[in-house]
Amino acid sequence: MLFPFVWMVSTSLKQLSEVFVFPPTLMGESLRFDNYLKISDRFPFMTYFLNSLKVTGIVVVSQLLTSSMAGYVFARLHFKFRDLIFGLYLATLMIPMQVTMIPNFVIMRFYGLVDTHAALILPGLVSAFGTFLMRQFFLTIPKSLEDAAKIDGCTPFGIYWRIFVPLTMPAMATLGIFVFMGTWNDFFSPLIYINTQSKMTLPLGLASMQGMYSTDWPVLMAGTVISVLPVIIVFLLAQDAFIKGVTLSGIKGE
């Protein structure tokens with residue numbers, strides 16, 4: 001599992017002539033850290049990075065909010081046809097992306113959103129999988145907490161925000177990791193909707209760094225290394241939140 005990452009870092013520190021030597025070597029004659037400096041000289045790498053950060057940040061925050069609210073509604077509130085609506089909502093998970101690709105593009109073009117970041121953000125504001133994940137976690141919370149809050153005069157939204165959200169940090173951290181990785185690494189959606197170089201995200205921008213006749217692989221690998229770092233950082237931060245959520249979510253005094 002680690003070997004592709006080791007090879008990626010190794011290639012980013014070589015000269016171009018050392019990349020395809022046979023037999024292959026893990027390191028070149030000297031470490032070429034200047035490959036990382038060449039990224040911004042040849043491509044608007046920082047623009048790609050900020051675009052990905054913008055799109056991913058908005059999608060992650062939105063999905064955590066909408067999925068947790070919808071999960072709370074389906075798990076704790078009682079209303080007519082609740083289970084039927086939830087079942088139909090989950091049924092959307094069985095529809096492949098290839099089926100909705102063309103209709104989504106037609107809708108985005110109709111509203112003039114092609115070649116904008118809104119075309120990448122709007123479809124990701126809600127998630128059936130995220131709603132399912134949060135609902136299942138909400139079902140594990142003791143009903144005694146909810147009843148005690150109702151006796152104290154707390155509203156349904158107050159119960160959700162003050163009691164349930166702090167207790168669901170493990171599920172929120174897990175969902176946050178999934179959404180961040182999926183959105184940050186998404187190549188297909190930007191390929192469909194984005195045409196302007198200044199609006200490209202990192203996966204599409206890195207793909208554009210490959211030339212028709214030649215590719216500077218060490219520089220490309222250097223850009224890939226930098227693009228992987230946010231995923232690792234988010235995972236480590238979310239892992240810490242997961243551990244804290246487990247230790248703080250117990251019912252004291254029992």
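The legends below describe close-up views of a predicted model.

**View 1. The buried face of helix α7.** Helix α7 spans residues 128-138, and its buried residues are A128, G130, T131, M134, R135 and F138. Because these buried residues fall within an arc of 155 degrees when seen down the axis of α7, they line one face of the helix. The partners against which the buried residues of α7 pack are the helices α3 (45-76), α4 (82-91), α9 (156-167) and α10 (169-184).

**View 2. The N-terminal end of helix α7.** The cap at this end of α7 is provided by S127, which places a side-chain oxygen 3.4 Å from the backbone nitrogen of F129.

View 3. The residues M1, L2, F5, V6, L26, M27, L31 and F33 together make a nonpolar surface patch of about 870 Å². One of these residues, M27, is placed in the loop between α1 (3-12) and α2 (34-42). M27 has a relative accessibility of 41% and therefore counts as partly exposed, since that class lies between the limits of 20% and 50%.

**View 4. Two loop residues with positive phi.** F81, although it is not a glycine, has a positive phi of about 65 degrees, and this residue is found in the loop between α3 and α4. D115, likewise a residue other than glycine, has a positive phi near 65 degrees, and its place is in the loop between α5 (97-110) and α6 (118-121). With a relative accessibility of 15%, D115 counts as buried, because that term applies under 20%.

Notes
Residues are numbered from 1 along each chain as its sequence is written. This is a predicted model: local features need pLDDT of at least 70, side-chain atom pairs count only at pLDDT 80 or more; totals for chains, interfaces and linings use all residues. Side-chain values use heavy atoms; hydrogens and water are left out. Buried means under 20% relative accessible area, exposed over 50%, partly exposed in between (1.4 Å probe, protein chains only). Helices (H or I, at least four residues) and strands (E, at least two) are DSSP runs, numbered from the N terminus. The arc is that of the directions from the helix axis to the C-beta atoms. Contact means heavy atoms within 4.5 Å. A polar contact is a pair of N or O atoms within 3.5 Å; within protein, one must be able to donate a hydrogen and the other to accept it, and residues adjacent in sequence count only if both atoms are side-chain atoms. Patches are made of residues with over 30% relative accessible area and no salt bridge: like charges are joined within 9 Å, nonpolar side chains (Val, Leu, Ile, Met, Phe, Trp, Tyr) within 5 Å. Accessible areas come from the Shrake-Rupley method with a 1.4 Å probe; for residues, only the protein chains shown count as cover. A salt bridge is a side-chain nitrogen of Lys or Arg within 4 Å of a carboxyl oxygen of Asp or Glu.
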